[in-house]
Amino acid sequence: MADRYLTVAQVAELLGTTERFPRRLIAERRIAFVKVGRHVRIPEKALNAFIEANTVQPIGDRRSSLGRAA
């Protein structure tokens, strides 16, 4: 199955941001992109990899590691 190529507007909508944020990611070379003439497209798998790489996992149950209060 071929990868989908998303527009900057589509990426912004999926991330819940303005178009400025994905454009900044492209300008700073923080996400893979494809130039098609003057158009810029972001592969869906590159967006998923960016999200995965920047996902912060929860620490866990902090109460059990602190013990009981006196």
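Predicted model: local features only at pLDDT ≥ 70, side-chain atom pairs only at ≥ 80, totals over all residues.
The secondary structure of the protein comprises four helices and three strands. Along the sequence, these elements follow the pattern β-α-α-β-β-α-α. The protein has 70 residues, of which 20% count as buried. It exposes about 6,000 Å². Carbon and sulfur atoms supply 51% of that area. Contacts were also sorted by sequence separation. Among those between residues at least 6 apart in sequence, 45% join residues at least 24 apart.

The three strands form an open sheet with antiparallel pairing. Their order is β1-β3-β2. The edge strands are β1 (5–6) and β2 (34–36), and each pairs on one side only. Strand β3 spans residues 39–43. It pairs with β1 in the antiparallel sense over two bridges. Y5 has P43 in β3 as its bridge partner. L6 stands opposite I42, also in β3. Helix α3 (residues 44–53) packs on the sheet and touches β1 and β3. The direction of α3 makes about 60° with that of β3.

On the β2 side, three bridges join β2 to β3, and the two strands run antiparallel. One of the bridge pairs sets V34 against R41 in β3. β2 and β3 form a hairpin, with two residues between the strands. G37 lies in the turn and has a positive phi of about 65°.

Helix α1 covers residues 8–15. Within α1, V8, V11 and A12 are buried. Viewed down the helix axis, the buried residues of α1 fall within an arc of 100°, so they line one face of the helix. E13 and L14 are exposed on the other side of α1. The buried residues of α1 pack against two helices, α2 (20–27) and α3, and against two strands, β1 and β3. After α1 comes G16, whose phi is positive, near 70°.

Taken together, β3 pairs with β1 and is joined to β2. α3 touches β1 and β3, and the buried residues of α1 pack against these two strands and against α3.

Definitions and conventions: Residues numbered from 1 in each chain as written. Heavy atoms only, no water. Pairing = 2+ DSSP bridges. Contact = heavy atoms within 4.5 Å. Axes fitted to C-alpha atoms, helices over the stretch in contact; angles between N-to-C directions. Buried < 20%, exposed > 50% of the residue type's maximum accessible area, 1.4 Å probe, protein only. Arc of directions from axis to C-beta. Areas by Shrake-Rupley, 256 points an atom, 1.4 Å probe, with all protein chains shown as cover.
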